[in-house]
Amino acid sequence: MSSEARPTNVLLTGVGGQGIITAGKVMAEVALAAGWQIKKSEIHGMSQRGGSVESHVRFSKTGHVYSPLIPLGEVDLVMAFEAVEGLRAIATARPDALVLVDDRQIIPTSVTSGAFEYPQDTLKRLYASGRRVHVVSSFDLACEVGEPRAANIVMLGAASHFLDFGEEAWQEALRRIVRPKALEINLKAFAAGIAAVQGE
């Protein structure tokens, strides 16, 4: 995923409590440390009550990044930490965008209250969009390495496989941002994310 002609635009989306802001911060740190231009923005929609959360991360090796918000239809990489949030974000993506989606369903209160139904065909609709869709079961993989809260780092590991930064740069950013006592488990989660998409 090159950034020579224009910024690379990454949209991280999910619900409150999934570590989306931290994941975006790590990604921005990687690009900044590499000397690239970087802009980042966050949208917390009732995140304390499980509402939607988005982080826009834009970076460029050679050009200017003028706005922290990604223009509609210009997302290169969607990182969806929850299935419906991935479906909600698909309209923002370029036709050739890559979509990494955790197929885990987090049922919102609007569904548990009976006001709405949770769509059961989210993956089918994502595939039908024509984008390159890869399912990354980040929550399950994080549980396997021993820390369910590291699902965001599993997803970062998967994303790193498609971005123009070396694995060591990501590990260094994690060392700067993650608390020391949680570093080892997060590095394992990151490696699990890479392994999940190797060969893709």
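Two residues are in contact when heavy atoms of theirs lie within 4.5 Å. In this predicted model, Ala173 touches Val26, Glu29 and Val30, leaving aside residues up to four places away in sequence. Ala173 and Ala31 are 142 residues apart in sequence, yet their C-alpha atoms are 9.6 Å apart in space.

Ala173 belongs to helix α7. Is Ala173 buried or exposed? A residue counts as buried under 20% relative accessible area; Ala173 has a relative accessible area of 0% and is therefore buried.

The buried residues of helix α7, which comprises residues 167-177, are Trp170, Gln171, Ala173 and Leu174. Because they cover an arc of only 160 degrees around the axis, they lie on the same side of α7. In general, an α-helix has 3.6 residues a turn, so residues three or four places apart point the same way. The cover over the buried residues of α7 includes α1 (20-33), α6 and α8 (180-197).

Helix α6 also takes part in another packing arrangement. Two packed helices are described by the angle between their axes and the distance between the axes. Helix α5 (residues 138-145) and helix α6 (residues 151-160) pack at an angle of about 110 degrees, and their axes are 8 Å apart. This angle makes α5 roughly perpendicular to α6. The crossing of the two helices, α5 and α6, is right-handed. Ser138, Phe139, Leu141 and Ala142 of α5 make the contact with Ala151, Val154 and Met155 of α6. Of the residues in this contact between α5 and α6, 6 are nonpolar, 1 is polar and none is charged.

Key. Residues numbered from 1 in each chain as written. Predicted model: local features only at pLDDT ≥ 70, side-chain atom pairs only at ≥ 80, totals over all residues. Heavy atoms only, no water. Axes fitted to C-alpha atoms, helices over the stretch in contact; angles between N-to-C directions. Helix = DSSP H or I, 4+ residues; strand = E, 2+ residues; numbered from the N terminus. Parallel < 35°, antiparallel > 145°, perpendicular 65-115°, else oblique. Left-handed = near helix turned anticlockwise from the far one by under 90°. Nonpolar A, V, L, I, M, F, W, Y, C, P; charged D, E, K, R; others polar. Buried < 20%, exposed > 50% of the residue type's maximum accessible area, 1.4 Å probe, protein only. Arc of directions from axis to C-beta.
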